[in-house]
Amino acid sequence: MLDIKLKNNRKNRNCVIIGAIALAAVLSVCTFPGIARRANGELERRNIEMMKQEKDINEAAVKLLYHACYVLNLEYAQREENMSAADVYMKAERSASEQQESEYAGRINDFLENWSNEFEQYRSAVDYCVLLPDGTYEKNTERALEKAVLGSETEKEALDSYYDDYFTLGFNENGVFEIHAGAADAGSEFGDLLIKSFLQADRKDSLRTGLNDLYGMEITDVTVGTPVNFKVIFGITPDASEQIAWKTSDHLNNDYYYYRYVYASSGTAAVYLAGLTLVAALMLVMTSRRVRMSGMDGQMLAEQELPEYLSMNRPGNWYLMEAAVIGVICVMAMREAMVSLAGDWSEWEGIGDIYRAFTANQFAGAWEVVGTITGSVFGVFCIYFVWYVSLRFLRPVFTLGLWEYIRQYSFCYQIIPLVSRIWKKFVTEVQHIDFSQKSIKTIIKIVAVNFAVLVLCSCLWFFGIFALVVYSVVLFFLIKKYYDKIVRDYQVLQRGVNRIAMGDLNTVITEDIGVFEPIKGELEQVRTGFKRAVDEEVKSQRMKTELITNVSHDLKTPLTAITTYIELLKKEDITEEERKAYIDTLEKKSLRLKVLIEDLFEVSKASSNNVTLNLVDVDVVNLLKQVSIEHADKFAEQGLDLRWNVPEEKLVQRLDSQKTYRIFENLFVNVVKYAMPGSRVYVEVRRTGAGPVSGVEIVMKNMSAEELTVSSEDLTERFVRGDSARNTEGSGLGLAIAKSFAEVQNGKLHVAVDGDLFKVVICFGDMV
């Protein structure tokens, strides 16, 4: 209910505001007849004063018509004999060279071309009649302008009534300039002034004088002439007089700016200022807290309880500070528009004039009066309304403060973060150009930004030169800053490369090195590769050392035993039972030595890919069970419980049966040696994939009797055992041989250690 009352209150206030502005506009328009009366009186007094002043002739107009004589004479000569300006007005002396003649001819042609262009701008405004040597004439008007020379006094009076001034300019048979004023000006002060002005132009502005002044030298090698036997009658109409500013006083009398000044000083400026002041006061009243809270049935609300749309904060998502500022500036500049509206009432100095205009021409007069009044009221209303709205949106600056007002109302302030983000993104993109890829988009963006700046500078006309200077200075510092950053980034990259080159493979470049960022990634890969290679080499050297040590140990142990028992057999006092026991021991040690040597050969051949495969169809499950049967007694001795999880169907793979048998045998032997007695051993076999490319995965798991201190990767290396003390029998080559035989058959063997859990995974077929 309260919200409905507030909305109705807002509508009422808007109606009051519009009505008050309209009333102010009507009151302002009501002052226009009085303004017109005072302005017309001032203009009439000024016209009377100007008529009393002595008329003066515009020097520029005199020069224009004097030069027109040369132009018209040249046109006649070109029409008759197709001659150039130099042909008509220049005669070379005997002392002149061809180069001088050509130089002077070019200068004369340029002079006449410039004069022709100047006269062409006003040719249609000025009436003229050319009197030709053969007694004929040519003119550009229907008026009998030739009568100024050839006509009677009556015909000359007719010309006086039509033209403000007319006169005859000409050159006699000797090329001497002559002037004759029109009938009305002959013998008058103005006629005398007219003659003096043109004679002065003949002295100061002739073709020869112009050439001397332009080139700063006396022309002695050529003769620069004037028209000969040539006369032109010029007629200055009132329109032409105003267009070429023939008389200085006429020009001032019709000054548009003075007309506007008179209307402004006659009351328009004061009325405009009063109207703006009234509208500003209206805005302050209508935005006051008392008015905003009125119409609520006397219910007083605290300021913080006012609805948002009644507060002075920014309305919705509109950012209108710039629009308000532009509106204020436009209103300040619209005083001229107010003067123009008042000027439309120049013929109506009171109610009587308006009534007579309304009834003078029935519908046309009424339409003119109604249209003028309506247009004036509407124009003033629009100006006042823009003023009110602009002040309304500037009003919060007094309650919010300037900075907070800009933050809430300014559109430019809102887009600054966006522009800043776009600029930072652009700068980052430029600073991180990836030279390994095409950078056409980045180049296009740089060119587009530069083009936009140049276009903006070009729009500033003359000040664009200063803007280009500033832009060049800013561009210099930006490029220098960018270049310095590239140098710093290069130095960082160089220091990192040098450290790596010196052997410090732990060096990592963490700084952002701009355009060298892709190289940093490549350098990191090189560093990682070198470090891996070095680690592998260190590991290889360590393994070689351990290999020699382990081979020596494993070969020395049975050899020592064999040597010892041979020495015992050499004794003559041993019994037959002892001799038999010694021989059995020698056999065991020899067999162990044989197995060790065979294992070495197997590993060596597998490492050098010198293994011959005899591939046949092998049932993996059946082969596993065969191997397990041969080791069943040893499993029973250790109390190991073998648990199977295998499919019922055959899992056939294309393998070498002997090599595969050796893989499984080594795994079972490894279990017997290292599994915890009395524990369970799990064997799981499953098919992987489907169809003719299906594979098989074998998993064997057991609990180790001893703690596994060797990594899973090292367990498959040569001469590596799970017991570091090497208390168990074996060469340490079992898993290495199994892995090598699996890989030569395009399979994989992987060992995983999880605490005491030892797990071997073998894959053949599509799992590889």
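**Close-up views of a predicted model**

View 1. Leucine 131 stands opposite lysine 231, a residue of β7. The structure shown is a predicted model. The pair belongs to the contact between β7 and strand β2 (residues 127-131), where five bridges join the two strands in an antiparallel arrangement.

**View 2. Strand β7 paired with strand β4.** β7 also pairs with strand β4 (residues 165-171), in the antiparallel sense and over seven bridges. Within this pairing, leucine 169 has valine 232 of β7 as its bridge partner.

**View 3. Burial of strand β7.** How many of the seven residues of β7 are buried? Six are, and the strand, which spans residues 230-236, is mostly covered. β7 has β2 joined to it by five bridges, and seven bridges link β7 with β4.

View 4. Although asparagine 229 is not a glycine, its phi is positive, at about 50°.

**View 5. Helices α27 and α29 at their crossing.** Helix α27 covers residues 657-674 and helix α29 covers residues 734-744; their axes come within 9 Å and cross at roughly 150°. Because the angle is over 145 degrees, α27 is roughly antiparallel to α29. The crossing of the two helices is left-handed.

**View 6. Residues in the contact of α27 with α29.** On the α27 side, the contact is made by Lys659, Arg662, Ile663, Asn666, Leu667 and Asn670. They meet Gly734, Leu735, Ile737, Ala738, Phe741 and Ala742 in α29. By class, the residues of this contact divide into seven nonpolar, three polar and two charged.

View 7. Where is asparagine 746 placed? The residue is in the loop between α29 and β13 (748-754). Asparagine 746 is not a glycine, yet has a positive phi of about 60°. Its relative accessibility is 59%, and asparagine 746 therefore counts as exposed.

How values were computed. Residues are numbered from 1 along each chain as its sequence is written. This is a predicted model: local features need pLDDT of at least 70, side-chain atom pairs count only at pLDDT 80 or more; totals for chains, interfaces and linings use all residues. Side-chain values use heavy atoms; hydrogens and water are left out. Axes are lines fitted to C-alpha atoms, for helices over the stretch in contact, and angles run from 0 to 180 degrees between N-to-C directions. Helices (H or I, at least four residues) and strands (E, at least two) are DSSP runs, numbered from the N terminus. Angles under 35 degrees count as roughly parallel, over 145 as roughly antiparallel, 65 to 115 as roughly perpendicular and the rest as oblique. A crossing is left-handed if the near helix is turned anticlockwise from the far one by less than a right angle, and right-handed if clockwise. Contact means heavy atoms within 4.5 Å. Ala, Val, Leu, Ile, Met, Phe, Trp, Tyr, Cys and Pro count as nonpolar, Asp, Glu, Lys and Arg as charged, and the others, Gly among them, as polar. Buried means under 20% relative accessible area, exposed over 50%, partly exposed in between (1.4 Å probe, protein chains only). Two strands pair if DSSP finds at least two bridges between them.
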